[in-house]
Amino acid sequence: MKDIKPAILLFIAFTIICGGIYPAVVTGISQAVFPKQANGSFITDKGGKMIGSSLIGQPFSEAKYFWPRPSATPDYAYNPAGSGGSNSGPTNPAYLETVAGRVKGLRDSGLSGPVPADLVQASASGLDPHISTESAKVQIARVAKARGMSEEELTKIVATHTEGRQLGFLGDPRVNVLGLNLELDSLK
């Protein structure tokens with residue numbers, strides 16, 4: 001009994017500290033210092049209606065929109081509850097068929113030349129909200145034609161939505177598809 005009593009008291013103490021006090025302190029600090037990020041980085045329209053999050057990809061398939069990186073989440077595309085890749089390797093016949101179908105869809109939309117990998121391969125999470133600058137550039141002609149805009153004007157808009165490397169040296173420049181498409185819709 002003398003060993004059980006301290007074990008139970010330690011269990012209760014650590015439960016209160018790690019399960020209550022620590023999460024409350026971290027949540028309070030994050031709400032005070034980074035409120036937008038702590039609440040999910042949501043994007044709202046002018047009426048205050050939530051449209052999505054800048055951290056989670058959204059499905060776009062109309063010619064007037066920039067298309068995002070494909071999603072491999074189960075049930076439906078960009079399902080945040082089902083985050084995860086397909087775990088299919090580069091020699092898996094089903095995976096190769098899926099990628100070939102995506103390439104065909106891009107070719108059917110008028111894309112010529114090299115196809116950037118991130119337009120046909122899903123990210124590890126299946127939720128990536130960004131595409132590479134190359135993926136944005138190859139879509140400019142299609143989107144400009146569908147919207148009746150000049151390619152030069154659209155190139156400038158894409159440039160304003162291009163995010164640089166994190167900390168100046170990590171990763172590659174990228175474009176947030178939801179933010180870009182929302183700005184294009186606001187130009188009407």
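1. R69 and D128 are joined through their side chains by a salt bridge, with N to O at 3.7 Å. The term stands for a side-chain nitrogen of Lys or Arg within 4 Å of a carboxyl oxygen of Asp or Glu. R69 sits in the loop between β2 (50–53) and α3 (93–108), and D128 in the loop between α3 and β3 (130–132), so the bridge ties together parts 59 residues apart in sequence. Helices (H or I, at least four residues) and strands (E, at least two) are DSSP runs, numbered from the N terminus. R69 is buried at a relative accessible area of 19%, while D128 is partly exposed at 22%. Here buried means under 20% relative accessible area, exposed over 50%, and partly exposed in between (1.4 Å probe, protein chains only).

2. On the basis of the values: this is a predicted model, in which local features need pLDDT of at least 70 and side-chain atom pairs count only at pLDDT 80 or more, whereas totals for chains, interfaces and linings use all residues. Residues are numbered from 1 along each chain as its sequence is written, and side-chain values use heavy atoms, with hydrogens and water left out.

3. How many salt bridges does a search of the whole structure find? There are five. One of them pairs D185 with R147, the closest N and O atoms being 2.9 Å apart. D185 belongs to helix α6 (residues 177–186) and R147 to helix α4 (residues 133–147), so this pair ties together parts 38 residues apart in sequence. D185 is partly exposed, at 25% relative accessible area, and R147 is buried, at 18%.

4. D172 and R165 also meet in a salt bridge, at 3.6 Å from N to O. D172 is exposed, with 53% relative accessibility, and R165 is partly exposed, with 42%.

5. Strand β1 (residues 42–44) pairs with β2 in the antiparallel sense over three bridges; two strands pair if DSSP finds at least two bridges between them. F42 stands opposite S53 of β2. The hairpin of β1 and β2 has five residues between its strands, and G48 there takes a positive phi near 90°.

6. S41 lies in the loop between α2 (35–38) and β1. Is S41 buried or exposed? S41 is buried, with a relative accessible area of 5%. Leaving aside residues up to four places away in sequence, S41 touches K36, G52, S53, S54 and L55, contact meaning heavy atoms within 4.5 Å.

7. An open antiparallel sheet is formed by three strands in the order β3-β5-β4. β3 and β4 (162–163) are at the edges with a single partner strand each, so one side of each is left without a neighbour in the sheet. β3 pairs with strand β5 (residues 174–176) in the antiparallel sense over three bridges, and H130 has N176 in β5 as its bridge partner.

8. The largest pocket is lined by 13 residues, with A72, S86, Y95, R102 and A122 nearest its centre. A pocket is an open set of points on a 1 Å grid over the protein atoms alone, where a 1.4 Å probe fits, with protein on both sides within 12 Å along at least five of seven lines; lining residues have an atom within 4 Å of a point. The largest pocket holds about 190 Å³ of space.

Notes:
Points joined across faces, edges and corners; volume = space filled by probe spheres on them.
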